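Hello,

Here is the structure I promised to pass on to you. Please have a look at it first, and then read my notes below.

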Amino acid sequence: MFSCVLCEGGEDYLIINKFCSKCKRIKHLLNLYGDEVYNTLETVLVRNEKQRKYKEDCIKKEKLNKELDDSTYFEKKGKEKVDKINRELEEKFKRK
């Protein structure tokens, strides 16, 4: 029993063929479509430097927006609590 030549493992153990069932399908597609398979893989799966930079910028922007939203939320809630405590203290002192 041998492992697949392409994926070097896989679920199928081989006796007769060099490729497992998944890699055999990939080989078949390469035989049918040739360079079109490589172009599709490069276009769909591989990110170039410009695409990576754009994704990093989007993630940073989302993180910054979330932090800003969280900080304003806590500032607002904190201010409400402080105002509530101040009102309670004022009422206490007015009674005395």
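Let me start with how patches are put together: they consist of residues with over 30% relative accessible area and no salt bridge, with like charges joined within 9 Å and nonpolar side chains (Val, Leu, Ile, Met, Phe, Trp, Tyr) joined within 5 Å. The accessible areas come from the Shrake-Rupley method with a 1.4 Å probe, and for residues only the protein chains shown count as cover. A salt bridge here is a side-chain nitrogen of Lys or Arg within 4 Å of a carboxyl oxygen of Asp or Glu.

Please keep in mind that this is a predicted model, in which local features need pLDDT of at least 70 and side-chain atom pairs count only at pLDDT 80 or more, while totals for chains, interfaces and linings use all residues. Residues are numbered from 1 along each chain as its sequence is written, and side-chain values use heavy atoms, leaving out hydrogens and water.

Now to the findings. Leu41, Val44, Leu45 and Val46 make a nonpolar surface patch of about 390 Å². One of these residues, Leu41, lies in helix α2, which spans residues 35–45. (Helices, H or I with at least four residues, and strands, E with at least two, are DSSP runs numbered from the N terminus.) Leu41 counts as partly exposed because its relative accessibility is 41%; buried means under 20% relative accessible area, exposed over 50%, and partly exposed in between, with a 1.4 Å probe and protein chains only.

Next comes the loop between α2 and α3 (49–95), where Asn48 sits. The side chain of Asn48 reaches the backbone nitrogen of Lys50 at 3.1 Å, and a polar atom of that Asn48 side chain lies 2.8 Å from the backbone nitrogen of Gln51. Both are polar contacts, meaning pairs of N or O atoms within 3.5 Å; within protein, one atom must be able to donate a hydrogen and the other to accept it, and residues adjacent in sequence count only if both atoms are side-chain atoms.

How many salt bridges are there? The count comes to two. Glu49 pairs with Arg52 at 3.1 Å, N to O, and these residues are three apart in helix α3, about one turn of the helix. Glu49 is exposed, at 55% relative accessible area, whereas Arg52 is partly exposed at 38%. In the other bridge, the closest N and O atoms of Lys53 and Asp57 are 3.7 Å apart. Lys53 and Asp57 also both lie in helix α3, four residues apart.

Best wishes
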